[in-house]
Amino acid sequence: MIPVAKSLRISAAVTMGALLATAIAPKAITPKATAGQPTVGTVQRLNVGDRACYVDVLDAGGVYSTEFADFEICSQNLVGKDVELTYELGDIMAVSCEGDPECGEIETVMLITRATVIEPPTIGTVQSVIVGDRACEIGFTNAEEELWYRPAIFEVCDETLVDQTVQFTYEIREVSAYACQGDPACPESIVETLITDVEVLAAAGPDPINQGPIQSLPDGNYRYWSSTPRTAIVSDETIIAEGGTLFRFRKQGNTITGIFSYVSAEAICVRGQVNGNTVSGAAVQTDQVASVISPGESFANFGSSSALALRRGRQVSRSQVRYGSALLNLNGFNRINAGTVIPPGGC
């Protein structure tokens, strides 16, 4: 089950002629390789040899090959994962050396110098469920409306999933090899990243932006994002790509406890009382480079956004700063799915 593009995976074991027409070219990198060397595949095995790292790869057509790679490739967690491979010319010990480290003879070959893991989306809208002889194939669109096909265990194949927005859980498992052609007695196997669980997410309201004040929300866990989503169900990949600020919090009565953060950057814990869409209380930042931004009575913005203002800060330790006063204004933020990370119970 190899991805033929970032946004599409086609199974060699399932007939999908109509789907092949939708395939698009890879977007990420343009690998250098000789004819016959796979540029996209699923890693089956990594072996450290005396000449190089040996990478066993199953390509998009189900062809198995062993490729030379830099030794550092063998130290990466790649087995069972879909990867995009980059090659460069490199020198390795010649075969004639027979493993002798003192031998000065070399051989120039195409080496894998980079293996970029293709991470499948964790949230998508199911378009099709196709049962094959080795696994089933779930077709879905991600938040960017790109079409993906991923293999799944038979237990999660349910046609009622079509048109549902779901969250996927993946595991690396062994499945029957392509060469077995569906024969259950065949001993050959390969490793793949399979969908092992599918959770249907609660349907979003028709307008994810206008959902009333935070103060009126029932108790529970929530996420609010500074960007404007096309739908209330937003994948982590989309959030990382678009950036902005995020507030992941727990609401209990009028008490709010959560993490305000810049996507993939600095974060701070905020706890206080909510009035409309404004939270007033205190904050704690724990970070290796945490430093006081306002020790006095004047408010200072936490980072470039004006959403969170802090004052009365004191350096508790080298990596922790506490603010006696915090004011978080979430007007203009939009509610999205709560995500898989649980908000903190306290700061």
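Here are some notes on the salt bridges and disulfides in this predicted model.

1. Salt bridges overall. The count comes to seven.

2. Arg51 and Glu107. Their side chains meet in a salt bridge, with N to O at 2.6 Å. Arg51 sits in the loop between β3 (40–48) and β4 (53–59) while Glu107 belongs to strand β7 (residues 106–117), so this pair ties together parts 56 residues apart in sequence. Arg51 counts as buried, at 13% relative accessibility, whereas Glu107 is partly exposed at 30%.

3. Asp236 and Arg223. Here the N to O distance is 3.6 Å, again a salt bridge between side chains. Asp236 is in helix α2 (residues 236–242) and Arg223 in strand β13 (residues 220–225), so a helix and a strand are tied together by residues 13 apart in sequence. Arg223 is buried, with 6% relative accessibility, and Asp236 is partly exposed at 37%.

4. Arg312 and Glu297. This salt bridge has an N to O distance of 3.1 Å. Arg312 comes from strand β19 (residues 308–317), and Glu297 from the loop between β17 (278–286) and β18 (300–301); the two parts tied together are 15 residues apart in sequence. Glu297 is exposed, with a relative accessible area of 51%, and Arg312 is partly exposed at 37%. Arg311 joins in too: Glu297, Arg311 and Arg312 are linked in a network of salt bridges.

5. Disulfides overall. There are four of them. As a reminder, a disulfide is a covalent bond between the sulfur atoms of two cysteines.

6. Cys97 and Cys103. The sulfur atoms of this disulfide are 1.9 Å apart. The link is left-handed, with -60° about the S-S bond. Cys97 is buried at 6% relative accessible area, but Cys103 is partly exposed at 22%.

7. Cys136 and Cys157. In this disulfide the sulfur atoms are 1.6 Å apart. The torsion about the S-S bond is about -130°, so the disulfide is left-handed. Cys136 is in strand β9 (residues 136–141) and Cys157 in the loop between β10 (147–152) and β11 (165–176), so parts 21 residues apart in sequence are tied together. Both Cys136 and Cys157 are buried.

8. Cys269 and Cys347. Their sulfur atoms lie 1.8 Å apart in a disulfide, and the link is left-handed, with -75° about the S-S bond. Cys269 lies in strand β16 (residues 267–275) and Cys347 in the segment after β21 (334–336), so the pair ties together parts that are 78 residues apart in sequence. Cys269 is buried at 8% relative accessibility, while Cys347 is partly exposed at 38%.

Conventions: Residues are numbered from 1 along each chain as its sequence is written. This is a predicted model: local features need pLDDT of at least 70, side-chain atom pairs count only at pLDDT 80 or more; totals for chains, interfaces and linings use all residues. Side-chain values use heavy atoms; hydrogens and water are left out. A salt bridge is a side-chain nitrogen of Lys or Arg within 4 Å of a carboxyl oxygen of Asp or Glu. Helices (H or I, at least four residues) and strands (E, at least two) are DSSP runs, numbered from the N terminus. Buried means under 20% relative accessible area, exposed over 50%, partly exposed in between (1.4 Å probe, protein chains only). A disulfide is a pair of cysteine sulfur atoms within 2.5 Å.
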